[in-house]
Amino acid sequence: MQDLERKLLELKDNSELMMDLAYSSLLYNNQDIAEEVVFLEGMMDELGDEIQEMVIDQSSQGGEVMKSLVVLRLQMAMEEIADAAASIADVVLRGVPQHPVVQMSLRDADVVISRAAVAEGSDLAGRTLGDVKLSSISGMFAIAIKRGRKYIFGPSHATRVETGDIIIARGPEDGEEYFAKLASGEERAPSD
Amino acid sequence: MMEGEAPEFLDLSVREILTEMKDISEVIVDLAYAALMFDSEDIAQKVSELESEMDNLNYAIKIKTLMAARTREDAIQLSGMLQVAAAAESISNAAGDLVKLQSVDIERRPFLSFMLRESEEKIRMITVSEKSDMINRTIGDLGVEAETGMRVIAIKRRQRWIYDPEPETKLKARDTLIVRGTKDGYERLAEFSSGRSPWPEYEEE
């Protein structure tokens with residue numbers, strides 16, 4: 001079951017990242033982010049196929065049918081989420097201007113998306129996301145980092161932030177300001 | 001569908017409907033996983049309710065946007081918006097499918113808890129101790145998520161549940177919170193909710 005579990009976990013994390021990225025591509029009308037969502041959707045399909053094969057294989061070798069069914073249904077639900085995210089990205093990729101209400105609605109939402117450039121001397125610069133504990137000190141969870149012309153999508157604990165990076169994060173509205181100040185260097189990260 | 005009855009949510013603006021749909025699309029997935037993880041029929045029930053609310057919202061936004069289209073440009077922009085709304089609705093359907101897995105014995109879905117335990121952002125339960133200074137303060141006033149990165153997706157108070165609590169919701173002693181966030185954030189929140197550390201206060205600027 002080990003390998004299967006790992007694949008399912010990847011599906012889950014991916015489907016959540018895709019949702020976050022899809023909404024941010026819409027907010028910023030950003031084609032690069034939208035393209036990543038579509039790319040991830042392709043990966044989800046491949047992973048889904050692998051999972052289905054594994055499960056059917058196990059079942060045919062006398063594995064428990066009910067367990068297999070649960071895995072398949074999980075995979076399908078996560079696939080459905082991924083498809084929905086891709087469908088949002090598709091709106092952006094069409095390249096027509098968004099209705100202004102879309103952006104307004106996204107800004108009114110409980111979970112907001114925010115971006116900030118990391119200035120020289122900021123406590124974020126030169127440290128990993130895990131070291132700064134960005135999420136637990138600001139509430140803002142990094143979903144992408146733009147470095148020069150490239151993106152790091154779904155950065156991990158080990159991702160090092162550099163001066164000049166633009167961090168795209170999601171979180172509560174009252175976390176935005178501190179996040180912005182942390183990036184600009186106006187606020188320091190707590191030392192512990 | 002709802003013949004003779006006036007569709008719900010038509011008194012809301014398109015902007016309000018879409019915001020509501022986005023909010024639900026996010027919290028419903030967390031709630032669905034939480035329902036499976038804690039084997040809670042109550043949470044599953046809430047997921048079903050939100051799912052049908054989402055259907056009605058999607059219906060309302062369709063009607064409203066169709067009424068708003070005057071020109072071809074309008075129609076192009078509004079169709080994009082409808083596509084987003086439909087996607088949000090699909091997400092809630094997926095959440096509905098997830099909670100259906102609850103009918104399967106918990107022993108037969110062991111990998112589920114593994115998956116939810118190992119995720120980058122985990123869903124966990126945490127209890128607010130009577131020693132904690134978080135009690136009798138609201139989630140918004142504390143700024144729980146901004147301070148710890150942990151989003152409160154539900155609260156269990158005695159036999160009652162509060163789902164997707166508002167910023168105005170006051171915390172009470174012995175409330176069990178279902179929270180979502182990173183491990184660091186959980187540990188930080190546990191410091192405060194246990195009463196080991198006081199909730200941090202900042203000077204007004």
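This note comments on the domains of chain A and the sheet of chain B in a predicted model.

1. Conventions. Residues count from 1 along each chain as its sequence is written, while chains are lettered from A and ligands numbered from 1 in the order in which they are written. In this predicted model, local features need pLDDT of at least 70 and side-chain atom pairs count only at pLDDT 80 or more, whereas totals for chains, interfaces and linings use all residues.

2. Domains of chain A. Domain 1 (2-100) and domain 2 (110-184) make up the assignment for chain A; such bounds come from an automatic or database domain assignment. The centres of these two domains of chain A, taken over C-alpha atoms, are 24 Å apart.

3. Domain contact. Nine residues of domain 1 of chain A and eight residues of domain 2 of chain A form the contact (C-beta atoms, placed from the backbone, within 7 Å). On the domain 1 side, α1 (2-27) and α2 (31-60) of chain A each supply at least two residues; α1(A) gives the most, with six residues. Helices are DSSP runs of H or I with at least four residues, and strands are runs of E with at least two, numbered from the N terminus.

4. Sheet of chain B. Four strands form an open sheet in the order β1-β4-β2-β3 (chain B), with antiparallel pairing (pairing requires at least two DSSP bridges between two strands). Because β1 (122-127) and β3 (160-163) of chain B are at the edges with a single partner strand each, one side of each has no neighbour in the sheet.

5. Strands β2 and β3. Strand β2 (residues 151-157) of chain B pairs with β3(B) in the antiparallel sense over four bridges. B:K156 stands opposite B:W161 in β3(B).

Methods: Two residues are in contact if their C-beta atoms, placed from the backbone, lie within 7 Å.
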